[in-house]
Amino acid sequence: MRSLDPWSPTDPLGEALHSLKMNGAFYCRSELTAPWGLAMPPMPGYLWFHVVVSGRVLLKTGEAEETLLHPGDFALVPHGEGHLLQSDPTAPTPAILDLDRERVSERYEILRHGGGGAPTGLICGAVRFDQPSGHKLVDLLPATIVIGASQSHQTEWMQSTLRLMAAEARELRPGGETVVTRLADILVVQAIRVWIESDPAARLGWLGALRDKQIGRSIALMHREPARPWTVEALAGEAAMSRSAFSARFTEMVGEPALQYLTRWRMHLGQAALADGATIAEVAPRLGYQSEAAFARAFKRVMGMAPGAARRSSRSPAAAGL
């Protein structure tokens, strides 16, 4: 009888969120005085987040998107796009990397900047998901997600977490930067959860497939056991569907056939493992390939590069300047 992880969710969508592994590149507590402005650089592959501790912040993303943030608001810019933060629309916006910052630890800094007017407290960070389901999830997110302090009771726990983060950032007690970064990671995942629960767009595509009782089960099984020699017949049987009905429904909901999805999933797992230092000889059997050559051919076909090149490539080039 298979043992069960008591902390693992039983639904495929919950399981995907449960498995998200986050890696932070940059966290910064800012003490700002009006007029002030900051230009946040593009960081492909990363999610920018901003927590307003005090004051007001004008967030500008894209060409014309503007959002006014208030204390307790949490904003997520999921696709790593460059954007602006300002005290008012006319404030100059120097690049944050050009300003002097106090280095507290390897990934945590303090910025003091502005013209001496009304104060604003802000916590910013850039994080990325290392797990393949995280990459797929980020691709589906809108350009900006804002969780307001005045939203429904469902976000009350977020406000408690934000208050704890703000207190830790202000006092900077021993270990405070560690607490802030851990809380930030949690808030990013929970903001995504709020979006999934509230936005109709989250019921479509891959997320909609995860919610589907039958297709979601087949996806979860492929995620859990990528090395298993899955066939369409076997997946259809697990979903209690005929082969033809399963194939049509999977392709319609996910956007590609089941075995093509499985191969792509395996290659993303392989890329993550290679980036962590695993060898091709170690990765190939983990993903169901009998030889390194077979894995290498599949990897190059799906990922557009040889596995050796992926192993040598830098994992976070965008963070090098931070």
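**Helix packing in the predicted model**

In this predicted model, helices α6 and α8 are roughly perpendicular to each other, since their packing angle of about 80° lies within the range of 65 to 115 degrees that counts as such. Helix α6 spans residues 213–224 and helix α8 residues 243–254, and their axes lie 10 Å apart. On the α6 side the contact is formed by Gln214, Ile215, Ser218, Ile219 and Met222, which meet Phe246, Arg249, Phe250, Met253 and Val254 of α8. In terms of residue class, this contact of α6 with α8 comprises 7 nonpolar, 2 polar and 1 charged residues.

The residues that make up the contact of α9 with α11 fall into 7 nonpolar, 4 polar and 2 charged.

As to confidence, the average pLDDT of the protein chain is 84, and 86% of the residues score at least 70. Residues 1–9, however, have a pLDDT below 50, and this stretch has 7 contacts in the model beyond near neighbours in sequence. Residues 314–322 likewise stay under 50 in pLDDT, and for them the model has 18 contacts beyond four places in sequence.

Methods: Residues are numbered from 1 along each chain as its sequence is written. This is a predicted model: local features need pLDDT of at least 70, side-chain atom pairs count only at pLDDT 80 or more; totals for chains, interfaces and linings use all residues. Side-chain values use heavy atoms; hydrogens and water are left out. Axes are lines fitted to C-alpha atoms, for helices over the stretch in contact, and angles run from 0 to 180 degrees between N-to-C directions. Helices (H or I, at least four residues) and strands (E, at least two) are DSSP runs, numbered from the N terminus. Angles under 35 degrees count as roughly parallel, over 145 as roughly antiparallel, 65 to 115 as roughly perpendicular and the rest as oblique. Contact means heavy atoms within 4.5 Å. Ala, Val, Leu, Ile, Met, Phe, Trp, Tyr, Cys and Pro count as nonpolar, Asp, Glu, Lys and Arg as charged, and the others, Gly among them, as polar. pLDDT is the predictor's confidence in each residue, from 0 to 100.
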